[in-house]
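I opened a new page for this one. Below is what I looked up, in the order I got to it.

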Amino acid sequence: MPRKLKDVSEPIRILIVEDHAFTRDGLRASLNLEADLRVVAEARSGEEALEVLRGQAADVAIVDIGLPGMDGIQAARELKRRWPELRIVMLTAHDLREEVFASLASGADAYCLKSARPDLLLLAVRAAAAGSAYLDPQVAHHVLGGVRAPDAGAPLTPRELDVLRLIADG
């Protein structure tokens, strides 16, 4: 079970939910290099993540959107339902507006692209653990572009605007 208030003397406990072993291994290696971060569990699917967290506490789950079976958005929703204090960082190769808003609506605290620099993922994990929201700069630019220039694309729905306001409020 995640801690309500993060004890800064303890590393942030991370669950990686990613179906590709190579990506999982790289994430684990990168994250464990940081003194304040520790990968404590891994899962290859949303279903496996739910099982893993029954016996292993985590503060942050890094969840790939494109999981087999239960996709990452469904997994995030279920993880948040069972463990409301768990912070979710969505990790994906896509910056599709629909995926961004669906992820945030599912309870994700952060959204990071797989193509991002490693330091941005670290920033996303730390921000989420601290209770802040984080959007990958490329995604934020894309989302804000839709708000600022609705003629350039479909305008945001009222629900998308609500989610964007909640993100801005932290």
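Helices (H or I, at least four residues) and strands (E, at least two) are DSSP runs, numbered from the N terminus. With that settled, I looked at helix 4 (residues 97–105), where the buried residues are R97, E99, V100, F101, S103 and L104. After helix 4 comes G107, with a positive phi near 115°.

**Ground rules**

I am working on a predicted model, so local features need pLDDT of at least 70 and side-chain atom pairs count only at pLDDT 80 or more, while totals for chains, interfaces and linings use all residues. Residues are numbered from 1 along each chain as its sequence is written, and side-chain values use heavy atoms, with hydrogens and water left out.

**Confidence**

I checked pLDDT, the predictor's confidence in each residue, from 0 to 100. The protein chain averages 85, and 81% of the residues score at least 70. Which element has the lowest mean pLDDT? I found helix 6 (residues 137–148) there, at 67, with strand 1 (residues 12–17) the highest at 98. Residues 1–5 have a pLDDT below 50, and beyond near neighbours in sequence this stretch has 15 contacts in the model. Contact here means heavy atoms within 4.5 Å.

**Layout**

I noted seven helices and six strands in the protein chain. From the N terminus on, the elements run β-α-β-α-β-α-β-α-β-α-β-α-α. The six strands form an open sheet, with parallel pairing, in the order 2-1-3-4-5-6. Strand 2 and strand 6 (134–135) stand at the edges with a single partner strand each, so one side of each has no neighbour in the sheet. Strand 4 and strand 5 pair in the parallel sense over four bridges, and V89 stands opposite A110 in strand 5.

I also took the chain totals. Buried residues make up 46% of the 170 residues. Among contacts between residues at least 6 apart in sequence, 62% join residues at least 24 apart. The protein chain exposes about 8600 Å², of which carbon and sulfur atoms supply 56%; the areas come from the Shrake-Rupley method with a 1.4 Å probe, and for residues only the protein chains shown count as cover.

**Cores**

I counted as a nonpolar core any set of buried Ala, Val, Leu, Ile, Met, Phe, Trp, Tyr and Cys residues joined through side-chain atoms within 4.5 Å. Which residues touch the most other members of the largest one? Of its 31 residues, they are L15, V63, L79, L86, I88, M90 and Y111. Helix 3 (residues 72–82) gives the most to this core, with four residues. Apart from it lies another core, of 23 residues, including V60, I62, A124 and Y134.

**T92**

I then went to T92 in strand 4 (residues 87–92). Is T92 buried or exposed? T92 is buried, at a relative accessible area of 2%. Leaving aside neighbours within four places in sequence, T92 is in contact with D64, I65, E99, Y111, C112, L113 and K114.

**Salt bridges**

A search of the whole structure finds 15 of them.

K114 forms one with D64, the closest N and O atoms being 3.4 Å apart. The pair links distant parts of the chain, 50 residues apart: K114 is in the loop between strand 5 (110–113) and helix 5 (118–129), and D64 is in strand 3 (residues 60–64). D64 is buried at 4%, whereas K114 is partly exposed at 35%.

R24 and E42 meet in another (3.4 Å, N to O). R24 is in helix 1 (residues 21–32) and E42 in strand 2 (residues 37–43), 18 residues apart. R24 is buried at 11%, and E42 is partly exposed at 24%. R24, D25, R28 and E42 are linked in a network of salt bridges.

E78 and R82 form a bridge at 2.8 Å, N to O. Both lie in helix 3, four residues apart, about one turn of the helix. E78 counts as buried at 17%, and R82 is partly exposed at 32%.

Conventions
Buried < 20%, exposed > 50% of the residue type's maximum accessible area, 1.4 Å probe, protein only. Salt bridge = Lys/Arg side-chain N within 4 Å of Asp/Glu carboxyl O. Pairing = 2+ DSSP bridges.
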